[in-house]
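I opened my notebook today to look through a new structure, one step at a time. Come along and check each entry against the picture.

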Amino acid sequence: MAEEPQPPNVHEGVDPTEETPATAPPASAEDRKAAAALSSLDNQNDDSAAQTTKAKNIDQEALAKAISRLELSTGAKVEPSGQSENMKQFEERRRKRREEKERLAKVKVDAGDVGLLIQELELSKTKATDLLKAHEGDAVKAMRAFVTAPV
């Protein structure tokens with residue numbers, strides 16, 4: 001029986017559906033760093049104290065570099081505590097909104113005024129109540145504010 005010659009890329013005993021890992025080394029430095037990080041994930045059994053300390057130091061260095069790049073790109077000064085000025089402003093706005101919510105929760109509104117706003121302004125009960133609370137329960141102020149376009 002005559003055998004047909006096989007193409008050069010076919011190897012006996014190799015399953016063509018099985019994926020073979022790429023053996024070429026990563027081209028860029030960034031790819032090499034990513035490959036090293038992935039291989040370190042595979043080597044979870046090698047938890048010696050020296051490696052852990054070294055990894056923490058590298059992580060701290062990377063964090064410091066990232067923060068300095070962030071400072072340069074955003075212009076925000078990051079304090080040693082780790083909070084930027086933007087974060088402090090955000091926290092201040094959040095605190096003021098919380099205080100405003102607490103103040104509005106204490107305002108009592110008349111059910112008749114809520115009904116009036118529902119009927120005249122075609123609002124839901126919740127929206128009418130919120131509008132009244134925002135204007136200290138005064139129905140006239142609430143209606144004026146609703147119909148006046150903000151400038």
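Predicted model: local features only at pLDDT ≥ 70, side-chain atom pairs only at ≥ 80, totals over all residues.

**Entry 1: a residue in a loop**

I began with Glu122, which sits in the loop between H4 and H5. Is Glu122 buried or exposed? I found a relative accessible area of 72% for Glu122, and the cut-off for exposed is over 50%, so Glu122 is exposed.

Next I looked up its backbone. Phi of Glu122 is near 55°, which is a positive value in a residue other than glycine. I noted this down because most residues other than glycine have a negative phi.

**Entry 2: another loop residue**

Then I moved on to Glu136. Where is Glu136 found? I located Glu136 in the loop between H5 and H6. For Glu136, too, phi is positive, near 55°.

**Entry 3: the whole protein**

I stepped back to see the overall layout. How many helices and strands does the protein have? I counted six helices and zero strands. Read from the N terminus, the order of elements is α-α-α-α-α-α.

I also looked up how much is covered. The protein has 151 residues, and 11% of them count as buried.

**Entry 4: H4 against H5**

Back to the helices on either side of that loop with Glu122. At what angle do the axes of H4 and H5 cross? I read roughly 115°, with the axes coming within 9 Å. The crossing of H4 past H5 is right-handed.

I listed who meets whom. From H4 come Asp113, Val114, Leu117, Ile118 and Leu121, and from H5 come Lys125, Ala128, Thr129, Leu131 and Leu132. Sorted by class, this contact has seven nonpolar, one polar and two charged residues.

**Entry 5: a closer look at Thr129**

Thr129 was on that list, and I wanted to know more about this residue. Thr129 lies in helix H5, which covers residues 125-134. Is Thr129 buried or exposed? Its relative accessibility is 19%, and buried means under 20%, so Thr129 counts as buried. Which residues does Thr129 contact, if I leave aside neighbours within four places in sequence? I found Val109 and Val114.

**Entry 6: H4 against H6**

My last stop was helix H4, residues 111-121, where it packs with helix H6, residues 139-147. The angle is about 25° and the axes are 10 Å apart. Angles under 35 degrees count as roughly parallel, and H4 and H6 are therefore roughly parallel to each other. Their crossing is right-handed.

In this contact, H4 brings Asp113, Leu116, Leu117 and Leu121, while H6 brings Ala139, Ala142, Met143, Phe146 and Val147. By class I wrote down eight nonpolar, no polar and one charged residues for H4 with H6. Leu117 of H4 is listed in the contact with H5 and also in the contact with H6.

Conventions:
Residues numbered from 1 in each chain as written. Heavy atoms only, no water. Helix = DSSP H or I, 4+ residues; strand = E, 2+ residues; numbered from the N terminus. Buried < 20%, exposed > 50% of the residue type's maximum accessible area, 1.4 Å probe, protein only. Axes fitted to C-alpha atoms, helices over the stretch in contact; angles between N-to-C directions. Parallel < 35°, antiparallel > 145°, perpendicular 65-115°, else oblique. Left-handed = near helix turned anticlockwise from the far one by under 90°. Contact = heavy atoms within 4.5 Å. Nonpolar A, V, L, I, M, F, W, Y, C, P; charged D, E, K, R; others polar.
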